[in-house]
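Dear colleague,

I am passing on a structure for you to look through, and below it I have set out what was found. Please keep the model open beside this email while you read.

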Amino acid sequence: TLAKYSDSTIRMWARVLQAVPNSKLLIEAPGLQAIALQRAVAKRFAVHGIGAERLDLRMRDQSLQYLIYNQIDIALDSFPCGGGTTSFDLLWMGVPLVTLPSDRFAGRMGASLLTALGRSEWVATSEEHFAEIAAGLALDPTALAANRSEQRTRMQSSALMNEAQFAVN
């Protein structure tokens with residue numbers, strides 16, 4: 001949702017792109033078929049030295065919702081309001097999520113999911129740490145591939161999928 005793309009979000013994502021040469025950021029959101037909106041998003045990244053050629057801006061196509069996750073190596077959460085359902089879906093599809101928790105519920109869902117999944121190492125403590133985590137993941141394609149093949153099993157055995165324990169709690 002483009003409304004979640006705060007100045008902090010754009011700055012953090014730009015830091016990741018700067019830390020990982022030749023990387024691209026895929027943004028899929030309603031309305032991105034409009035050239036004016038694409039230019040507005042690109043302009044926000046340009047302020048941080050990121051050219052439009054590093055952005056892959058796409059209109060959300062719900063018929064491709066889960067297929068597009070196969071094109072993503074690492075998901076970057078927004079800040080201060082992060083993802084919820086989409087974050088869960090990405091993790092289910094084997095995509096690592098990097099998040100920076102904020103002071104509100106909507107900004108801590110990613111950290112909650114990752115903690116329950118046993119992946120608290122993907123929870124950043126600062127904007128700089130956010131970029132470090134993402135760059136570290138990006139620079140290890142072998143670990144990314146292993147994670148993609150193992151993450152669904154990890155989720156199935158985690159607290160995230162334990163409905164019986166959830167009901168007891």
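**Salt bridges**

Arg119 counts as buried, at 14% relative accessibility, where buried means under 20% relative accessible area, exposed means over 50%, and partly exposed is in between (1.4 Å probe, protein chains only). This is a predicted model, in which local features need pLDDT of at least 70 and side-chain atom pairs count only at pLDDT 80 or more, while totals for chains, interfaces and linings use all residues. Residues are numbered from 1 along each chain as its sequence is written, and side-chain values use heavy atoms, with hydrogens and water left out.

The side chain of Arg119 meets that of Glu121 in a salt bridge (2.9 Å, N to O), a term that stands for a side-chain nitrogen of Lys or Arg within 4 Å of a carboxyl oxygen of Asp or Glu. Glu121 is partly exposed, at 40% relative accessibility. A search of the whole structure finds seven salt bridges. Another of them joins Arg58 and Asp56 (2.8 Å, N to O); here Arg58 is partly exposed at 27% relative accessible area, and Asp56 is partly exposed too, at 24%.

Which parts does the salt bridge between Glu128 and Arg15 tie together? The two side chains meet at 3.0 Å, N to O, and because Glu128 lies in helix α5 and Arg15 in helix α1, the pair ties together parts that are 113 residues apart in sequence. Helices here are DSSP runs (H or I, at least four residues), strands are runs of E (at least two), and both are numbered from the N terminus. Glu128 has a relative accessible area of 44% and Arg15 one of 26%, so that each counts as partly exposed.

In helix α4, which runs over residues 109-117, the buried residues are Gly110, Ala111, Leu113, Leu114 and Leu117. Seen down the axis of α4, these buried residues fall within an arc of 160°, so they line one face of the helix; the arc is that of the directions from the helix axis to the C-beta atoms. The buried residues of α4 pack against α3, β4 (97-98) and α6. Just after α4, Gly118 takes a positive phi of about 80°.

Gln151 has its place in helix α6 and is buried, with a relative accessible area of 1%. Leaving aside neighbours within four places in sequence, Gln151 is in contact (heavy atoms within 4.5 Å) with Leu90, Leu91, Gly94, Val95, Pro96, Leu117 and Trp122.

**The largest pocket**

The largest pocket has a volume of about 1,000 Å³. A pocket is found on a 1 Å grid over the protein atoms alone, as an open set of points, fitting a 1.4 Å probe, with protein on both sides within 12 Å along at least five of seven lines, and its lining residues have an atom within 4 Å of a point. The volume is the space filled by probe spheres set on the points, which are joined across faces, edges and corners.

The lining has 42 residues, of which Leu26, Ile72, Ala75, Leu76 and Leu90 lie nearest the centre of the pocket. The largest share of the lining, five residues, comes from α3.

With kind regards
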